[in-house]
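I opened my notebook for a first look at this protein. I wanted to see where the open spaces are and what lines them.

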Amino acid sequence: METLKQQLKDLVEDLPQLFARLKGSLLPSCVHFNDILNLETQYTRTLQEWLGGRIAKADSDLVVNRVIQALLTIIDAIQPSDLKPEISGESQTALHDYHRFTCDRVDQSDRFQQLFAEKREQKTHFFYLLGMDLQSHRGMFRRIAYDLEGRLQDYLNPGIEFKYKSLQIELTFDVSRDPEIYKQNILKSLFASLSIRVNEHEPLMDKDITWLKKQSPLLDGLGAEDFVSIFVGISEWDWDKDITPAVTRWFITEFCKGEMPQGFPTILFFFAIIYEDDDSPIEQEVKAVLQQSTHVTALPELGMVNMRDIGAWFNKYSFIAPSARELKDLRTQHFGASNEHYMDDVERVLLQLIDEYNRRFFNG
């Protein structure tokens, strides 16, 4: 494995060959595959712009250096489960770590699919995720994003190729007591996360969502059938009952208005309201806002995970243990002490089990 990684790193002076080698070595189901395609698009477009005299060599070099650094990070993150069987020497692939997100959350997944199907032709969708911090809002977000690509079925067919891409973006931003500054802070975070140089595009408030497609190298590689899933985390410490809903409403009705250009991907925003405790003082404020909202739909509140759902996960991925007895022992060992668990704890244990299975799978 380390030999392969070094061989890939040795190709950074020849990016076309490196891109070809990466695409030839990694499974299309690998979580890095779409990132590599996007980086290749950025590199190719920048090279064409420079050769055509539309940008300076210094600007071209800056983009190329960023692409190289991103590729090196990806190479370091490659796992045996990411490799094609002929590269790894195995007859099948291991289990990807994003399958830790598939336990429970049936109500939320069902509701999302119902709502999304009703308005599938729309290019922007807005959802609220709410619950305690230990209930893994991000896990729910990632589950939906991976499911949009079809990745959550890859354990049934390890060599499957995915037609659609789902770019995942997670936003953090500085809150403000001034609504106008609050709006600008959100835009700064959004633009930066899409690799847009914020300070080169003032005034920010003149922009709208259609402008992003032309400016973002990450969106440039996406088409009309692809998705961009954006997570906006709002903790109870950042929530302001007067400002937060008003800024959210402005973002949806003003920044996201307008007809999307041809080839624009579908963008899904998930506003995650994160409580510290079950009896959070803001919980009733938030729910009152949600009842009045006409633009954002709340998915069912994220709650505890019970043993029935954990048992269903073990049954689905029963191959992680050699026998039914060992599978049951494994479940009891990690989850037998209680009938309810926080999702944050469940995902941590499931990731551990996936890692242990993958090590056994590749090391015998």
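**Entry 1: the second largest pocket.** I started with the residue classes here: the lining of the second largest pocket splits into seven charged, five polar and four nonpolar residues. I'm working from a predicted model, by the way. I looked up the volume next, and the second largest pocket holds about 460 Å³ of space. It has 16 lining residues, and those closest to its centre are Arg45, Val63, Arg66, Arg197 and Gln215. Which elements supply at least two residues each to this lining? I found helix 3, helix 4 and helix 9 (209-215). Helix 3 has the largest share of the lining, with four residues.

**Entry 2: the largest pocket.** I moved on to the largest pocket, which has about 960 Å³ of space. I counted 39 residues in its lining, and Val31, His32, Asp35, Ala77 and Tyr146 are the closest to the centre. Two or more residues each come from helix 3 (33-51), helix 4 (57-77), helix 7 (137-149), strand 2 (166-171) and helix 15 (343-363). Helix 15 contributes the most to this lining, six residues. By class, I noted 17 nonpolar, 12 polar and 10 charged residues in the lining of the largest pocket.

**Entry 3: the cavity.** How many cavities of 30 Å³ or more does a search of the whole structure find? I got one. The largest cavity has about 100 Å³ of space. Its lining includes Leu171, Phe173, Tyr182, Ile186 and Val232. Phe251, Phe269 and Phe271 are also among the residues that line the largest cavity. Helix 8 (179-193), strand 3 (227-235), helix 11 (244-255) and strand 4 (266-275) each give at least two residues to the lining. Helix 11 gives the most, four residues. I checked the classes too: the lining of the largest cavity has 10 nonpolar and two polar residues, and no charged ones.

**Entry 4: helix 14.** Last, I picked out a helix. Helix 14 covers residues 324-335, 12 residues in total, and reaches 16 Å from its first C-alpha to its last, close to the 16 Å expected at 1.5 Å a residue. I then asked which residues of helix 14 are buried, and found Leu327, Leu330 and Phe335. They sit on the same side of helix 14, because they cover an arc of only 95° around the axis. Arg325 and Gln333, on the other side of helix 14, are exposed.

Terms used
Residues numbered from 1 in each chain as written. Predicted model: local features only at pLDDT ≥ 70, side-chain atom pairs only at ≥ 80, totals over all residues. Heavy atoms only, no water. 1 Å grid on protein atoms, 1.4 Å probe; cavity = no way out; pocket = protein on both sides within 12 Å on 5 of 7 lines; lining within 4 Å. Points joined across faces, edges and corners; volume = space filled by probe spheres on them. Nonpolar A, V, L, I, M, F, W, Y, C, P; charged D, E, K, R; others polar. Expected span 1.5 Å × (residues − 1). Buried < 20%, exposed > 50% of the residue type's maximum accessible area, 1.4 Å probe, protein only. Arc of directions from axis to C-beta.
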